[in-house]
Amino acid sequence: MLIFIDSANIEEIKEIHEMGFLSGVTTNPTLVAKEKKGYHQVIRDICAIVDGPVSAEVLSGDYCSMMEEAKILAGLHPNVVVKIPVCSEGLKTVAKLAGLGIKTNATLVFSANQALLAARAGASYVSPFIGRIDDVSHEGINLLADIISIFQQGKIKTQIISASVRHPGHVLASSKLGAHISTIPFNVIKQIIFHPQTEEGIARFKRDWEAAVNN
Ligand code: E4P
């Protein structure tokens, strides 16, 4: 499973990128809005740091405007993947963009049937929102498992991104199930890196070495 960061914050992205395990970035309008910079500038800045797919989402809701926006976003950098919500207009946009060779990430996926339609329409990626499903007292991971199984049976090449990740358990379950990618917020990546026994081990090795050297 590849690791993406779900963030539009340049400092967070830089810090994680320097650790060498990052393969891509996903953003959404909420995340970009927090940055108080122009939408396109944020996407360009991210593309200058990470050499991998960078998802940038359309803001409009109708086919013609989504197409217009998608072409502009795709023109910002060759690594931009256009994020399109799964709805009737969105699926039509995904299909048209696939025909033009523009990569798409079908987002706001809350059912396996939505994921299947998006994949059949030509989406390069689908993003089931597992955390938001947990938020309404269902099991987001079960949705991910269903999509993985359906795509495997249909030999569907669309990449599955476990999205709306809330904690390290979501990441572990996603990788065990066989998701292609997990897009993880900065704070959850930090939670994964930290382990109290690693910290205690580092401190103990230092203590033992210094005690030996000072004797
Ligand atoms: C994924 O691409 C989305 O940006 C994201 O994971 C949404 O997560 P949230 O439910 O924490 O907003």
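Biologist: How many helices and strands does the chain have?

Modeller: The C-alpha trace of the chain spans about 75 × 40 × 30 Å along its principal axes. Secondary structure in this predicted model comprises both kinds of element, and the count is eleven helices and eight strands.

Biologist: What percentage of the residues of the chain count as buried?

Modeller: A residue is called buried when its relative accessible area is under 20%. The chain has 215 residues, and the share of them that counts as buried is 45%.

Biologist: What share of the contacts with a separation of 6 or more comes from residues 24 or more positions apart?

Modeller: Contact here means heavy atoms within 4.5 Å. Among contacts in the chain with a separation of 6 or more, residues 24 or more positions apart account for 56%.

Biologist: Is Ser162 buried or exposed?

Modeller: Ser162 belongs to strand β7, which covers residues 159-162. Beyond its neighbours within four places in sequence, Ser162 contacts Pro128, Ile130, Leu144, Ser174, Ile181, Ser182 and Thr183. Because its relative accessibility is 0%, Ser162 counts as buried.

Biologist: Which residue is joined to Ser162 by a polar contact between side chains?

Modeller: The residues in contact with Ser162 include Ser174 and Ser182. The polar contact between side chains has a length of 3.0 Å, and the partner of Ser162 in it is Ser174.

Biologist: How far apart in space are Asn105 and Ile161, C-alpha to C-alpha?

Modeller: Asn105 is part of strand β5, residues 104-109, and its 0% relative accessibility is why Asn105 counts as buried. Its contacts outside the four neighbouring places in sequence include Thr26, Ser55, Lys83, Tyr125 and Ile161. Asn105 and Ile161 are 56 residues apart in sequence, and their C-alpha atoms are separated in space by 8.9 Å.

Biologist: Is Lys155 buried or exposed?

Modeller: Lys155 also has a positive phi, of about 50 degrees, although it is not a glycine. Its position is in the loop between α8 (140-153) and β7. Exposure requires a relative accessible area over 50%; since the value for Lys155 is 68%, the residue is exposed.

Biologist: What is the relative accessible area of His170?

Modeller: His170 is placed in helix α9, residues 168-177. Leaving out residues up to four places away in sequence, His170 touches Ile130, Gly131, Asp134, Ile141, Ser164 and Val165. His170 is classed as buried because its relative accessible area is 3%.

Biologist: How far apart in space are Cys47 and Pro78, C-alpha to C-alpha?

Modeller: Cys47 sits in helix α3 (residues 39-49) and counts as buried because its relative accessibility is 6%. When residues up to four places away in sequence are not counted, Cys47 touches Val54, His77 and Val80. Cys47 and Pro78 are 31 residues apart in sequence, while their C-alpha distance is 8.9 Å.

Biologist: How many residues apart in sequence are Met1 and Leu177?

Modeller: Met1 lies in the segment before β1 (2-6) and counts as partly exposed because its relative accessibility is 36%. Residues touched by Met1, not counting those up to four places away in sequence, include Val171, Ser174, Ala179 and Ile181. The C-alpha atoms of Met1 and Leu177 are 9.7 Å apart in space, and the sequence separation of these two residues is 176.

Biologist: Which residue has its charged end over the ring of Tyr63?

Modeller: A charge qualifies as sitting over a ring only if NZ of Lys or CZ of Arg is within 6 Å of the ring centre and within 35 degrees of the ring normal. Here the distance from the centre of the Tyr63 ring is 4.5 Å, and the residue is Lys92.

Biologist: Which helices each supply at least two residues of the lining of the largest pocket?

Modeller: The largest pocket holds about 380 Å³ of space. Of its 23 lining residues, Asp6, Asn28, Leu31, Lys34 and Pro185 lie nearest the centre. The elements that each supply at least two lining residues are α2 (29-33) and α10 (186-193).

Technical notes
Residues numbered from 1 in each chain as written. Predicted model: local features only at pLDDT ≥ 70, side-chain atom pairs only at ≥ 80, totals over all residues. Heavy atoms only, no water. Helix = DSSP H or I, 4+ residues; strand = E, 2+ residues; numbered from the N terminus. Buried < 20%, exposed > 50% of the residue type's maximum accessible area, 1.4 Å probe, protein only. Polar contact = N/O pair within 3.5 Å; in protein donor to acceptor, adjacent residues only side chain to side chain. 1 Å grid on protein atoms, 1.4 Å probe; cavity = no way out; pocket = protein on both sides within 12 Å on 5 of 7 lines; lining within 4 Å. Points joined across faces, edges and corners; volume = space filled by probe spheres on them.
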